[in-house]
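Thanks for asking me to look this one over. Here are my notes, point by point, for you to read alongside the model.

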Amino acid sequence: MAKIFVTRELPGKALAQLRQHHDVLVHPGETSPTTDELKAGVKDADILICLLTDSIDQNIISAGSKLKIIGNYAVGTNNIDVDWATVNDIAVLNTPGVLTDASADMAFALLLATARRLGEADRFVRDGKWSGWDPTLLLGTQVTGKTLGIVGMGRIGIAMAQRAKGFGMRILYTNRQPVPAGLERDLGATFVELSGLIEKSDFVSLHCPLTPTTRHLFNAKVLSAMKPGSILINTARGPVVDEAALVEALENGPLRAAGLDVFEDEPNVHPKLKTLPNVLLAPHVGSATVETRSEMADLLVRGIQTLLRDEQPNNLVNPEVFG
Ligand code: DGY
């Protein structure tokens, strides 16, 4: 029987399943544990299940002298010091695949909603400003036939391209390396450097992980070089974009609008972003469907069970620790 510390109750039946065979302690309430609570939680734990809001750094990892597995309830693992976990022979699991469609749906929803000014339209009606049909009321920009630039062509980037293809969009993408030629052909996607992508794209959607290289990838220089009138969608990680520079690009150009599901300092949002009508804000809910959130928990539990059988799960982030 393993001792498992979980930093928040998770949806679905996964934790109940773990409780049948293991000693599971869930941090109570709806806020993340403090650093001290995290340290106390991992102190005697064999396994930690955490959220993307829990910072699992060297301190926390070192406080768990028996820790063997860290399961992150997210696909992104930027909140965990994976290198330090690996050095300490601790397996790190994440939740790839099961959230691909929900996340791409969210990115495409933000793309459509910003293009067609749905946030403004909703507020307009609620505020009682609608006095009748008008040929020029809330004119947006066409999506069909436009160019979408995808930054990061992993699973979610590819799913975004599939959706865009259905809308007759031209797809440019940038990635560490080009995807296989057959996939490029199927998607009608062209590999370009970031500079070419921002210059030519009417919409840019971010799908890269947060790493030291991608932190502030969209800084003032890049944002100011984007195509005039273009729209930026970020459902990846907030710090990929310099929020102060984004405000400037939205107020003074070249950006027409932005759709944001993630922020630099969640849950705090740059105060200016909340006042700009051309920004659509969402509280990091890219994977938030009943089905997906429960599948994420199931996947973590399956990964844990696989590791406890001394087998290698598909969602192991640091395969170096296996064997
Ligand atoms: C992730 O998994 O990394 C998302 O941001 C949360 O679903």
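The points below go through the ligand site, the aromatic pairs, the spaces in the protein and a few backbone details.

1. Ground rules. This is a predicted model, in which local features need pLDDT of at least 70, side-chain atom pairs count only at pLDDT 80 or more, and totals for chains, interfaces and linings use all residues. Residues are numbered from 1 along each chain as its sequence is written, and side-chain values use heavy atoms, with hydrogens and water left out.

2. The ligand site. Leu52, Ala74, Val75, Gly76, Leu99, Arg237, His284 and Ser287 are the residues around the ligand, where being near takes a heavy atom within 4 Å. Polar side-chain atoms of three of these residues deserve a look. That of Ser287 is 2.5 Å from a ligand oxygen atom, that of Arg237 is 2.6 Å from a ligand oxygen atom, and that of His284 is 2.8 Å from a ligand oxygen atom.

3. The backbone at His284. Besides its place around the ligand, His284 has a positive phi of about 50° although it is not a glycine. His284 sits in the loop between strand E12 (279-281) and helix H13 (290-308). Helices (H or I, at least four residues) and strands (E, at least two) are DSSP runs, numbered from the N terminus.

4. You will find Arg117 in the loop between H5 and helix H6 (118-126). With a relative accessibility of 26%, Arg117 counts as partly exposed; the scale is buried under 20% relative accessible area, exposed over 50% and partly exposed in between, using a 1.4 Å probe and protein chains only.

5. The tilted aromatic pair. Searching the whole structure gives two aromatic pairs. Rings of Phe, Tyr and Trp (its six-membered ring) pair if their centres lie within 6.5 Å, and planes under 30 degrees apart count as stacked, over 60 as edge-to-face and the rest as tilted. Phe108 and Phe167 make a tilted pair, 4.7 Å centre to centre with 45° between the planes. This pair links distant parts of the chain, 59 residues apart: Phe108 belongs to helix H5 (residues 100-115), while Phe167 is in the loop between helix H7 (155-166) and strand E7 (170-174). Phe108 is buried at a relative accessible area of 5%, whereas Phe167 is partly exposed at 33%.

6. The edge-to-face pair. What angle do the planes of Tyr173 and Phe191 make? Their planes are at 70° and their centres 5.4 Å apart, so this pair is edge-to-face. Tyr173 is in strand E7 and Phe191 in strand E8 (residues 189-191), so the pair ties together parts 18 residues apart in sequence. Tyr173 counts as buried because its relative accessibility is 0%, while Phe191, at 27%, is partly exposed.

7. The second largest pocket. This pocket holds about 260 Å³ of space. Its lining has 14 residues, and Lys68, Ile69, Ala91, Leu307 and Asp310 are the closest to its centre. By class, nine lining residues are nonpolar, one is polar and four are charged. Here Ala, Val, Leu, Ile, Met, Phe, Trp, Tyr, Cys and Pro count as nonpolar, Asp, Glu, Lys and Arg as charged, and the others, Gly among them, as polar.

8. The cavity. How many cavities of 30 Å³ or more does the structure hold? There is one, and the largest cavity has a volume of about 30 Å³. The largest cavity is lined by Asn234, Gly238, Val241, Glu243, Leu246, Leu260 and Val262, which divide into four nonpolar, two polar and one charged. On a 1 Å grid over the protein atoms alone, a cavity is a set of points where a 1.4 Å probe fits but cannot get out, a pocket is an open set with protein on both sides within 12 Å along at least five of seven lines, and lining residues have an atom within 4 Å of a point. Points are joined across faces, edges and corners, and a volume is the space filled by probe spheres set on them.

9. Two cis peptide bonds. One joins Gly253 and Pro254, with omega about 15°, and Pro254 is in the loop between helix H11 (243-252) and strand E11 (255-260). Another joins Glu266 and Pro267, with omega about 5°, and Pro267 lies in the loop between E11 and helix H12 (271-275).

10. Asn79. This residue is in the loop between strand E4 (69-72) and helix H4 (82-87), and at 9% relative accessibility Asn79 counts as buried. The side chains of Asn79 and Asn72 are joined by a polar contact of 3.0 Å. A polar contact is a pair of N or O atoms within 3.5 Å; within protein, one must be able to donate a hydrogen and the other to accept it, and residues adjacent in sequence count only if both atoms are side-chain atoms.
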